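Open the model in your viewer and keep the sequence panel beside it. This tour tells you what to select next and what is there.

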Amino acid sequence: AVALPGLWPLFLGNVNGSLGETSALACLIGGLYLCWRRSAAWEIPVWTIAGAAGAAVVANLLDPATPLTVPHHLLAGALLFCAFFIATDPVSSPLSPKGRAIFGLGVGVIVVVIRTLSAYPEGVVFAVLLMNAFTPLINRGTVPKPFGGVAAPPGGAK
C-alpha cells in the first residue's frame, strides 16, 4: 500500500507533482483572483469542486477501506488547478450559468470516477475533454430563449 501524504503538505504544496498543481493554497488564491476579476466564471470551479466532493463521498461509502478520503480527492492532484484554470476556458465551456453548473458537476464527478475505477492516477484531462464534447448539447438545453418567442432573423426578413 502506498502511503498518502498528509493534508497539510497537500494544501501547502510540499509534495511531488507538476509545477502549479501541487499547492492547493496557490491554486485557490490564483483561481479566486481570476473569479474576482471576472476572467473566469465562478460557477465552473464551485460545481467542479462540489461534484468531486459528492462523488468522493459516494466512493468512500461504497469502499470504506480506500485510503483516498474526500479531502485527499480535493487537495491532491490537479483537481483545483483544473477547476480554476482549465475548465473555465471561455472558448470550450458552456454559455449559461446553468450550463456551467452542469459542466462543472460533470468534470468533478468524472475526475473521481476515473481516479477510483481506473488504473490512471489522475483523470482531469479526460474529464475536461469528455465534458467539452458535451458542451454543445449543454448549450442547446440551457441557453435561454429570448423573451416573447423566437428572435427575428437578421435583416428583419421573415
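Helices (H or I, at least four residues) and strands (E, at least two) are DSSP runs, numbered from the N terminus. The model is predicted: local features need pLDDT of at least 70, side-chain atom pairs count only at pLDDT 80 or more, and totals for chains, interfaces and linings use all residues. Residues are numbered from 1 along each chain as its sequence is written, and side-chain values use heavy atoms, with hydrogens and water left out.

**Whole chain**

The chain has 7 helices and 0 strands. Along the sequence, the pattern reads α-α-α-α-α-α-α. Its C-alpha atoms fill a box of roughly 70 × 35 × 20 Å, taken along the principal axes.

Colour by accessibility next. Buried means under 20% relative accessible area, exposed over 50%, and partly exposed in between (1.4 Å probe, protein chains only). Of the 158 residues in the chain, 37% are buried.

Take the contacts between residues at least 6 apart in sequence: 66% of them join residues at least 24 apart.

**The largest core**

A nonpolar core is a set of buried Ala, Val, Leu, Ile, Met, Phe, Trp, Tyr and Cys residues joined through side-chain atoms within 4.5 Å. Which residues touch the most other members of the largest one? Select Leu-74, Cys-82, Phe-103, Val-107, Val-111 and Val-112, out of 21 residues in that core. The elements giving two or more residues to this core are helix H3 (43-62), helix H4 (70-75), helix H5 (79-86), helix H6 (97-117) and helix H7 (124-142). H3 gives the most, with 6 residues.

Zoom in on Val-111. Leave aside its neighbours within four places in sequence. Val-111 is then in contact with Leu-79, Glu-122, Gly-123, Val-124 and Ala-127.

There is a second, separate core of 9 residues. Select Cys-27, Cys-35, Leu-75 and Leu-80, which are among its members.

**H5 and its cover**

Select H5. Its residues Leu-79, Leu-80, Cys-82, Ala-83 and Phe-84 are buried. What covers them? The cover includes helix H2 (24-36), H3, H4, H6 and H7.

Show H2 with H5. Axes are lines fitted to C-alpha atoms, for helices over the stretch in contact, and angles run from 0 to 180 degrees between N-to-C directions. The axes of H2 and H5 come within 9 Å and cross at roughly 15°. H2 and H5 are therefore roughly parallel to each other. Angles under 35 degrees count as roughly parallel, over 145 as roughly antiparallel, 65 to 115 as roughly perpendicular and the rest as oblique.

H2 passes H5 in a left-handed crossing. A crossing is left-handed if the near helix is turned anticlockwise from the far one by less than a right angle, and right-handed if clockwise. On the H2 side, select Ala-24, Cys-27, Leu-28, Gly-30, Gly-31, Leu-32, Leu-34 and Cys-35; on the H5 side, Leu-80, Phe-81, Phe-84 and Phe-85. These contact residues divide into 10 nonpolar, 2 polar and no charged. Here Ala, Val, Leu, Ile, Met, Phe, Trp, Tyr, Cys and Pro count as nonpolar, Asp, Glu, Lys and Arg as charged, and the others, Gly among them, as polar.

The axes of H3 and H5 come within 8 Å and cross at roughly 155°. That makes H3 roughly antiparallel to H5. Their crossing is right-handed. Ile-44, Pro-45, Thr-48, Ile-49 and Ala-52 of H3 meet Leu-79, Leu-80, Ala-83 and Phe-84 of H5. The count is 8 nonpolar, 1 polar and no charged.

**H3 against H6**

H3 passes H6 in a right-handed crossing. The contact residues divide into 13 nonpolar, 5 polar and 2 charged. Among those in H3 are Trp-47, Gly-51 and Ala-55; among those in H6 are Phe-103, Gly-104 and Val-107.

**Two loop stops**

Go to Thr-69, in the loop between H3 and H4. At 32% relative accessibility, Thr-69 counts as partly exposed. Draw a line from its C-alpha atom to that of Leu-10, 59 residues away along the chain: the separation is 13 Å.

Finish at Arg-38, in the loop between H2 and H3. Is Arg-38 buried or exposed? At 76% relative accessibility, Arg-38 counts as exposed. Its phi is near 60°, a positive value in a residue other than glycine. Most residues other than glycine have a negative phi.

Conventions:
Contact = heavy atoms within 4.5 Å.
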